[in-house]
Amino acid sequence: MNLLRLVFKNIFRHKLRSMLTILGIAVTILAFGLLRTLIAAWYAGVEASADNRLITRNSVSFIFPLPLAYRDQIANVPGVSQVTYANWFQGIYIDQNQFFPRMGVDAETLFESYPEFLITADELAEFKKERNAAVVGSIIAQRYNLHLGDIMQIKGDIYPGEYEFVIRGIYRPRDSKTDATQMFFHWDYLNEHAKEIGYEANMVGWYIITVDDPDQSAVISEAVDALFHNSRAETKTETEAAFAHSFISMSDAILKSINAISIIIIGIIILVLANTMAMTARERMQEYAVLKTLGFPGAFLTYLIYGEALLISVLGGIIGILLTFPLARGVQEAVPAGYFPVFDVTAGTILLCALAVLIVSIFSSAYPVWKARSQTIVDGLRQIG
Amino acid sequence: MKNIPFTYSIRNLFARRITFVLTLSGIALVVFVFCAVLMLAHGLQKTMVDTGSKNNVLLFRKGSDSELSSGVNRELVNVIATLPQIAEDNAGHPMLSSEVVVIINLNRKGIGDMGNVSARGVTPETAFELRKDMKIVEGRRFKPGSREIIIGKAIRQRFQNTDIGQTIKFGGDEWTIVGIHEAKGSAFESEVWGDVDQMMQAFNRQGAYSSVTVRLNSPADTASLNQNLESDNRLLTIKAESEPDYYRRQSRFLVIFIRVLGLSITFIFSIGAVIGAMITMYAAVANRTREIGILRALGFRRRSVLTAFLVESIILSLIGGGIGILMASFLQFLSFSTINFGTFSDITFGYILSSQTVLATFIFAVFMGIVGGFLPAVRASRQDILGALRAG
């Protein structure tokens, strides 16, 4: 088609300018893509949550524990199929910058409640047998070069003391949403230690409840909380997704800022491309007048100018999106494990980038299109570039 | 031959209004974000560091990173009180406040989501002496031995049911709000304060405080205080850190996060703005090919031409930088609240524009101008006279 050929030839008239514009768009789309990926990573905890799991914690806040005795009471609530529990241990592994979740868990039931953590039957059996055995996620195993049988030395901070764990299992993530950066060991081991250092024994951090029917979550949550109403340790039960979401909403000011910056980025792309298109149109006012004289309708000019803007922004956009993948990988490898357990460029992010490219091309060609169409033929012919 | 007049560069900038405005806006937006990031990081750091007073030292358990994971046994406080470095008040009592810090959940205004708030139990008699900046702006202080609390200004603004006379339920009991406090914008404004013994009892802490804060006779005594801690067997598990150092450490993750994230993103998209400036300057050079020829024919040297174009680009970036900083300066009217990764609780801080930030931002802007203008300026200066005069 003539129009397409014309658009294509036009972007080669100022090779340097077109190349620079494409490069500018590529870089800014890259920044945009990275920010969207970061926001998606923030929500990874919500994405990874199963809809048949509930979390029960102390209603005052998550730093207060609950008695182990609650376990059987919760298990008796109708609709509850399984109850497991965990304690946040934290500790210092190597140094204070190695941040990934380290928890004391019920070795017997944890992996049944979390089917997305894949572990072989042999490894699981080995893990259950030994008092100070531990299981780590495959990402952690890879990053710290840990193998089965290796010892992890961890200094306790919340639970002071020196700890040695033997790795008896390495769990793999079921899919890309699963967090493979955690470490689990026996809650019993932690409990014994807690007694030794004079802490209150038989306390757990939170319960993880598996329900038969996710639609009953609200009813079951209320039933659980009602059990312990007016007790010394009241509970708050919510779906795993709501629990994960409450952590995100605590830093929503940061998320809002990132959102604002990503909008500013789109503004900058528009400015760069609009600048190029304004220059291009200004130089070609005479040509547009000639085209009009020859009888081409105004719509043709619109397609011509908009087509050029679209072609440039699409080329820049594609390069930018392609660059986002390796860079996102680089970011994930550069930051400490556990900061962003999942840092994948999602389909949604790519879609948003594509949308941004479209918006940019429309906004940046608006003025030149208007100018070219409203210019009279005589004025256009008279104009000097 | 003299240099090309400065006004030549300035006038040329305004010759093409649309291009000028578009390029300027691009630079201004990048500068705005760059400046905002620096202001935010600085605001957080200042809030946290200002929370501490140089004469105050925090004593907590070795190996724990924060008050939240620390524990200091009740018996040890009596030992600590005898340390000679601790200042005494007029009545001859050691200036020492044993404190407990926990996190409680409150519902936020508006969306109603739950937020983490630091609740601090303090020794009523001394805590206010130790923190001179703490001022009650409404109501009164909590009464020792009662289930009363005072609430920081920042919390009152952000969380539901935090007016005087209302109650908050935690630790199996209702606590009545009797006062609102301010603390010169420091982190204490994001805390709830009450009587330490009441809170210990309510939270069933079994005799372990989170930390002990003491006033030293002089900040220089920290070293000898640490020696005393090392030499006393009972205090071997305790470590001392000055308050400003402690609070700076509590904010370091968030500060690093804001800086690294903000600046790396700004860096990437500043490339976009630089390319915008480059396009503009290349166009300026191309449109003025004949002019450049004339300038060279008049005897201006290549270097003068190069400088003139580079100056043009730098002026562009300086104006853009000025606009960006001006826009960013309005952020000072806003405050920013988020969870502090170090303390797991809500902290409110402001955007602070310091002279260093202004300087850094202008340097950044000029850098963008130089990078964007250099290649076009080189092209301008390389034109041969005859070819340029013959062009367009």
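1. Two residues are in contact if their C-beta atoms, placed from the backbone, lie within 7 Å. The model is predicted: local features need pLDDT of at least 70, side-chain atom pairs count only at pLDDT 80 or more, and totals for chains, interfaces and linings use all residues. Residues are numbered from 1 along each chain as its sequence is written, and chains are lettered from A and ligands numbered from 1 in the order in which they are written.

2. In chain A, H13 (residues 298-334) meets H14 (residues 347-374). Helices are DSSP runs of H or I, at least four residues; strands are runs of E, at least two; both are numbered from the N terminus. Residues of H13(A) in this contact include A:Gly298, A:Ile305 and A:Gly320. Among their counterparts in H14(A) are A:Ile350, A:Ser361 and A:Arg373. The contact residues divide into 15 nonpolar (Ala, Val, Leu, Ile, Met, Phe, Trp, Tyr, Cys and Pro), eight polar (the others, Gly among them) and one charged (Asp, Glu, Lys and Arg).

3. Chain B contributes 45 residues to the contact with chain A, and chain A contributes 40. On the chain B side, helix H8 (243-287) supplies the largest share, 13 residues. Other elements with at least two residues there include helix H2 (17-51) and strand S3 (96-107). By class, this side has 23 nonpolar, 18 polar and four charged residues.

4. Helix H9 (residues 289-297) of chain B has B:Ile292, B:Leu295 and B:Arg296 buried (20 or more other C-beta atoms within 10 Å of their own, with C-beta atoms placed from the backbone). Their cover includes helices H10 (302-329), H11 (355-382) and H12 (385-390) of chain B. After H9(B) comes B:Gly299, with a positive phi near 110 degrees.

Methods
Axes fitted to C-alpha atoms, helices over the stretch in contact; angles between N-to-C directions. Buried ≥ 20, exposed ≤ 12 C-beta atoms within 10 Å, placed from the backbone.
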